Amino acid sequence: MAAPPAFSLVATDLDGTLLRGDDTLSDRSLAVLARVARAGARHLVVTGRPAPRVRPLLDRLGGEGLAVCGQGAQVYDAGADRLLWSVTLDRELAETALGKIEAEVGQVYAAVDQDGVDGLTLIEPGYLMPHPTLPAVRVERRDDLWCAPISKVLLRHPALSDDELAATARSVVGSLANVTMSGPGTVELQPCGITKATGLALAAEHLRLGADRAVAFGDMPNDIPMFRWAAYGVAMEGAHPELKAVADEITTSNEDDGVAVVLERLFP
């Protein structure tokens, strides 16, 4: 009988990690994830994207199983097309947090991801989607962003860098929301206490898997809680310095199949 793999859970971020810059999965990545499955290990997508924006990618990965979405605010069952667990961000708190940030840095441009498997991404005038391939609905004014329950708020500033905007937001938001940075042009407000690690831990518990045999892949500071939860963390070559500082290993870039490079070694 073959020995069990050292890792029984593989957690991968999407943007900047498993996906190439054109939002596609390489044949090499698909092949090694199939090898992971044959070895008896589970692959979980752990992403900032909300469940509706992940569904087409999960179809390419087999269309079944769980995914952690919305920075950990959603655990999505792809096979049943339903949320096993979700947490929403209080809209009044979100609006208050947004006001505090703008009092410090001037006008920001905002978007929201609505809760639910059919939730929309709404963007106010002036907001530019960091991923132009992702669908979004433009609203006429900011008040329209709060028309339905939301899982998070996305922020952009016309002049400040992501690091500067995130640092200022953390300094003024306090306990109103959790501030994360998940990619170029993507600073986000989430429900307090919610991170990729909380969602991943819930999904792993559902699968009866533990952190001690989990390997995680990511590229941005929002992946830090996931790295701290998992036994082993692998940062991409172009990862944010904050994530590289807590990683156990640095692999090649997402364009060079960095996830596959490591998994081919771990699952020979």
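**Exercise 1.** Find the partner of E102 in a salt bridge, and work out which parts of the chain the pair ties together.

*Solution.* Start with the term: a salt bridge here is a side-chain nitrogen of Lys or Arg within 4 Å of a carboxyl oxygen of Asp or Glu. For E102 the partner is R142, with the closest N and O atoms 2.9 Å apart. Helices (H or I, at least four residues) and strands (E, at least two) are DSSP runs, numbered from the N terminus. Last, check the surface: E102 is partly exposed at 21% relative accessible area, where buried means under 20%, exposed over 50% and partly exposed in between (1.4 Å probe, protein chains only).

A quick word on the model: it's predicted, so local features need pLDDT of at least 70 and side-chain atom pairs pLDDT 80 or more, while totals for chains, interfaces and linings use all residues. Residues count from 1 along each chain as its sequence is written, and side-chain values use heavy atoms, leaving out hydrogens and water.

**Exercise 2.** Trace the salt-bridge network that contains K196.

*Solution.* First, take D13: its salt bridge with K196 has closest N and O atoms 2.9 Å apart. That pair spans 183 residues, from the loop between β1 (9-12) and α1 (14-18) to helix α6 (residues 196-206). Second, K196 also meets D223, at 2.6 Å from N to O. D223 lies in the loop between β12 (214-218) and α7 (224-229), 27 residues from K196. Put together, D13, K196 and D223 form a network.

**Exercise 3.** Are D13 and K196 buried or exposed?

*Solution.* D13 is buried at 5% relative accessible area. K196 is buried too, at 1%.
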